[in-house]
Amino acid sequence: MWLLDATTRRLKSVNDPQNVKYAILSYTWGDDEVLFDDIHKVEAKEMAGCRKIDFACRQARKDNLQYVWIDTCCIDKGSSAELSEAINSMYRWYSDAQICYGYLADIAVRSMSCLDPETEGFGERTNSFGARLPSSRWFSRSWTLQELLAPAELVSFDTAWTRVGSKASLCDLLSDITGISGTFLEDRRLLQFASIARRMSWAAKRESSRVEDQAYALLGIFDINMPLLYREGSKAFLRLQEEIVRSHDADDSILIASASTLNLFATSPAPFEHAHGIIGCPSPMEGAYELTRQGLRLNLLVLGANTAAADESYKFSNRRISDASGTHDGSEESSDLEIPEKVDVTAVKLDDDSAHSYCLHAALESRYRDQPGTRIALILRRRPTTTTRDESRRKHGNGNIFDILPGIRIVTAEELEEYKIDKLVIARRPMPWPAVFPYISIALTADSKETLASAAIVGWQRPGDRWHSTKGVDRHRGTLHLKREGKDSQSCDLHLLLERHKMLEPEKHIAVKVSSL
């Protein structure tokens, strides 16, 4: 770690920063910054970025601190090894600092007493300041999130280095701006008790110059170390989540975003925007999470949609995943993702586990903080058995691979009693399912003595549309099993049970009538 001497303006290498008292600067990058190779040059004094360095050094001396750390000039970015070490250590460096100076370059305060309650017109000035502060670029950058959370003491200054206030004195205002509870702002030690989804939500609206920094800026907040690979794009955020899963296997709230993205992991913090109300209620199942090439293998309490089909249609919460808990202040707001009140599950009940596919609800160890006694459940759909290897895996309990469907369900404590623990794999990416057509024509070949008949899809037709033939297409992919339901020799109802490749939605089975067999 390099530290800048506040008096001599010379850099000093320090092996153990915990044994050195220093101040640290938090700010947003601008034009003409003083870099590591510039700091010892005479020309550095003429650079625009030198102004905040002067401010920080003078303030450090006032606070009786010999050194200050500023990332523009205290990291040799020409060395990939040093850059990687600095980024992986940055949260700890901010945490170990005696004080952090937050420089709000785009905020101007008229006088040092603007937030002094003893001065005349305090209330009017405070309201005006509170209205301007959220517009500061400092609150929209990815890196400044950890710089807000990590320091034990944070003092903010405006563009003229006028004291604005401390993290303690501005706690309520900072909480309103960032959505971070004052509990975590006042005591950084409690950060470990915030759910993964909740911590992700704090970064959801923040931006960075490089896509990878959306992940790297969160390393310290999740106590993660990983190599830096700039130019990998959104893969950096995927790697971050994989590391989080490996080190936080008692917190499955990271899966909340999958209900909107339909992928196991999100590509940015944005899908967690409305997850600030999610808290963990861990009671770890037997067996830790395991990341595989297929997806995430874990044990969850599940309720199969096929077993509930005999009951009434599922009644889902009409609240969306994004606002089921309201905002951090308890208010309600709208969003794009709607959850239906009811889902059509009037399909034939699939008692045979070898049947193609079914949906289930998987209860997470997470809930919304304003809904005690409940759990959040994902809606999953099991993939079809398409190969002999898949069938073998399923028989041995290793082949239950599920795709994520849109939306969530809120499960009450009473409903949770019907859930059973099961081992399953949530796929990394959804499988492309064939399109569903409203009208299907079939050709039958069957022995009248058999209870099952074979059928092959030979075409389909939409209302008012021309006939589409499947001629030339491998008909095995459309092979269906027909189960005879009636005894009428002239006609009988046949429910289509899919075998191998899924041609219909799992909750929508087709009943057809044929004149004879």
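Arginine 189 is exposed, at 63% relative accessibility (exposed means over 50% relative accessible area, buried under 20% and partly exposed in between, with a 1.4 Å probe and protein chains only). Its salt-bridge partner is aspartate 187, with N and O 3.0 Å apart; a salt bridge places a side-chain nitrogen of Lys or Arg within 4 Å of a carboxyl oxygen of Asp or Glu. Aspartate 187 is partly exposed at 21%.

The model is predicted, so that local features need pLDDT of at least 70 and side-chain atom pairs pLDDT 80 or more, while totals for chains, interfaces and linings use all residues. Residues are numbered from 1 along each chain as its sequence is written, and side-chain values use heavy atoms, without hydrogens and water.

The count of salt bridges is twelve. Among them, glutamate 232 pairs with arginine 239 at 2.6 Å between the closest N and O atoms; glutamate 232 is buried, with a relative accessible area of 16%. Arginine 428 and glutamate 242 form another, at 2.8 Å. This pair links distant parts of the chain, 186 residues apart: arginine 428 lies in the loop between β15 (420-427) and β16 (440-445), and glutamate 242 in helix α10 (residues 235-247). Both residues are buried.

Helices (H or I, at least four residues) and strands (E, at least two) are DSSP runs, numbered from the N terminus. Helix α3 (residues 80-96) bends by about 55° at serine 89, the angle between axes fitted to the seven residues ending there and the seven starting there. Buried residues of α3 include Leu83, Ile87, Tyr91 and Trp93.
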